[in-house]
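Here are my notes on this model, as numbered points. Please read them with the structure open.

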Amino acid sequence: MQVDTLIKNGQVFNTFSQKFEKKDIAIESGKILMVAKNLDFSAKKVIDAKDKYLIPGLIDSHMHIESSMTDPANFGNEALKFGTTTVIADAHEISNVAGVKGLKDFMAQKSLIDVFYALPSSVPSTKPDMETTGGIIGLPETKEMLQDPRIICLGEAMNFKGIVSEPDSLIRKIIDLCKEMRPTMPLEGHCPQYSGLDLAKFAASGITSDHTYQTPDSIVERINNGMFIQFQKKSMSPENMQTIIDNDFYEYAAFVTDDVMADDLVNGHLNVIVKEAIDMGMPVEKAIYMATYTPARRMSLNDRGAIAPGRVADLIFLNDPQKFEIDDVYKNGVSVNNLKPMQAQFPEYLKQSVHAKRITKDDLLIKSNHESELANVIEINSKGTFTKKVQIRLQVKDGNVEWQAAGLSLLMIQERYGKNGNVVFAFVKNALNQKGAVGSTWAHDHHNLMVMGTDIDSMVKVQHQILADQGGYVIAKEGKITANAPLTIGGIISEEPIEKLALELKAVRKGMQDLGYKNFNEIMSFSTISLLVSPVLKISDKGMFDVKTQIRVPLFE
């Protein structure tokens, strides 16, 4: 018998025994035909693996392509180099910008890797009276999209209050519709810091996973409550890995990336998380298992995640499993070196999505008729994306609130879809300490126009540049633009190659650092000040909100 490709002399990872075995692999029509010792097939192409270690392609079961500020084509071109061959993408960012139409146009883009999709459940992430979005995914849109076979799970459900205490909420109705139309489909969740009865109610809704920040205690509690844990970078710690090891929890967890920005993507993808797990003491075979087989099984992708007959021939050649050094990657039995990069083509309407008026300096004056004001202030954490609510007494001079004298930054959210023209303000602590501003239309998850600064001239400059670019990240220092990363597709996606976008984002990151912003991921920290489902105090174009109660918090008491 003749096959397309015969790989000989490889140390092949057997998923089911979780051991490396000296075997050959026969590939036919992009799938694995047989794995055994000393295969005697004729082949169009014979590859001598030279004792390299062969493992299945990596599967990322929870991620957002738009978080890399790129499209499926550019993303696939880059991620494949690092061994990621399959992703389940929750495209709720483009959906919040452009609704189902935008989602369909995004899903229409081709990629070198296999891209399956999660049905966005959080468009908006909360509800329309809390945030303005460019689109809404309700029950009719959910019913329509559930008929698409590329949709294989419900994307992360984030509206905690709607899930646990509002039986008539949209998210509860979406969950019920999914159970009715696709009863075996996984329902993905986002439940940061919830435990006890809150966690039980969340899981009782039918949601069976969580990818938010974990601790040893939260891992044990969630898995004991029947939840599947998806470890992203911020949850990678020796203590958490040891918890998996000590409790033999390998079957109930996987590694995911969630959000990887372009300037990080050029250096690696899911392989970075796998290597971290190994470096933290997890056995190599178990780390591979949690990046290939458990995510495939979680998503019912039964044709991948293992090197076995009938599976897709997605393979990674490793020089040294302990160091997770990648020598080559095969997609459907073809080396990445022989694949032509793909390019996306988006319709014009997505390139004209930012509709907001140009601001002036007068628009940024915060007025008061009192001698002082007690302000509710968003305090940024130097680690992670959670915030705190603090109260600071601010003086008023000549009718203007003197927020700068208190060492605060001024944050403006401007509705950008041309629907209502909302403009709201907040004060932020632990943000910028130099004279300048940062702005973006990449504002989780409503993606309205957001500008924060210590200097009004710089804030105006930033806002005008964002409008001219039709979206992006812009930094100004002392009234001059110092960094600019245009995101011309929906205000959240760049048309540039990953390498160019990475350089632009590095400049943005450095610009934020130069202005005094402190966080292990400055860009993500800033962009999640607007995420109304991430504790504790966040903001949209409709005001500041307490995340858990969803009660609006006034600027001044």
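1. Cysteines. The structure holds 0 disulfides, a disulfide being a pair of cysteine sulfur atoms within 2.5 Å. For Cys-153, the closest cysteine sulfur is in Cys-178, 9.4 Å away, which is too far for a bond. For Cys-191, the closest cysteine sulfur is that of Cys-153, at 15 Å, again too far for a bond. Cys-153 is buried, with a relative accessible area of 1%. Cys-191 is buried too, at 0%. Here buried means under 20% relative accessible area, exposed means over 50%, and partly exposed lies in between (1.4 Å probe, protein chains only).

2. Basis of the notes. This is a predicted model, in which local features need pLDDT of at least 70, side-chain atom pairs count only at pLDDT 80 or more, and totals for chains, interfaces and linings use all residues. Residues are numbered from 1 along each chain as its sequence is written, and side-chain values use heavy atoms, with hydrogens and water left out.

3. UniProt, in an unreviewed entry, places the feature "domain: Amidohydrolase-related" at residues 53–335. UniProt positions are given in the numbering used here, feature names are shortened, and annotations may be inferred rather than shown by experiment. Over residues 53–335 the chain is 37% helix and 20% strand. The end C-alpha atoms of that stretch are 15 Å apart. Helices (H or I, at least four residues) and strands (E, at least two) are DSSP runs, numbered from the N terminus.

4. The structure holds 27 salt bridges. The term means a side-chain nitrogen of Lys or Arg within 4 Å of a carboxyl oxygen of Asp or Glu. One of them joins Glu-188 to Arg-298, with the closest N and O atoms 2.5 Å apart. Glu-188 lies in strand S10 (residues 187–189) and Arg-298 in helix H11 (residues 284–298), so this pair ties together parts that are 110 residues apart in sequence. Are these two residues buried or exposed? Both Glu-188 and Arg-298 are buried.

5. Lys-233 forms a salt bridge with Glu-276, and the closest N and O atoms are 2.3 Å apart. Lys-233 sits in the loop between strand S12 (228–231) and helix H8 (238–247), while Glu-276 is in helix H10 (residues 270–279), so the pair links distant parts of the chain, 43 residues apart. Lys-233 is partly exposed, at 47% relative accessible area. Glu-276 counts as buried, at 17%.6. Lys-510 and Asp-514 form a salt bridge, with the closest N and O atoms 3.0 Å apart. Both lie in helix H13 (residues 498–514), 4 residues apart, about one turn of the helix. Lys-510 is partly exposed, at 48% relative accessible area. Asp-514 is partly exposed as well, at 37%. Elsewhere, a network of salt bridges links Asp-114, Asp-303, Arg-304, Asp-314 and Lys-331.

6. Strand S20. How many residues of S20 are buried? In this strand (residues 409–414), 6 of 6 residues are buried. Ser-409, Leu-411 and Ile-413 point one way, and Leu-410, Met-412 and Gln-414 point the other way. S20 runs antiparallel to strand S21 (residues 423–429), joined by 6 bridges. Ile-413 has Val-424 as its bridge partner in S21. S20 also pairs with strand S23 (residues 449–453), antiparallel, over 5 bridges. There, Leu-411 stands opposite Met-452. Two strands pair if DSSP finds at least two bridges between them.

7. A sheet of 3 strands. This open sheet has the order S26-S27-S28, with antiparallel pairing. Strand S26 (537–540) and strand S28 (552–553) stand at the edges with a single partner strand each, so one side of each is left without a neighbour in the sheet. S26 and strand S27 (residues 543–546) are joined by 4 bridges. Leu-537 stands opposite Asp-546 in S27.

8. A nonpolar surface patch. Which residues make the nonpolar surface patch of about 290 Å²? They are Met-1, Leu-33 and Met-34. Leu-33 is in strand S3 (residues 31–36). Leu-33 is partly exposed, with a relative accessible area of 33%. Patches are made of residues with over 30% relative accessible area and no salt bridge; like charges are joined within 9 Å, nonpolar side chains (Val, Leu, Ile, Met, Phe, Trp, Tyr) within 5 Å. Accessible areas come from the Shrake-Rupley method with a 1.4 Å probe; for residues, only the protein chains shown count as cover.
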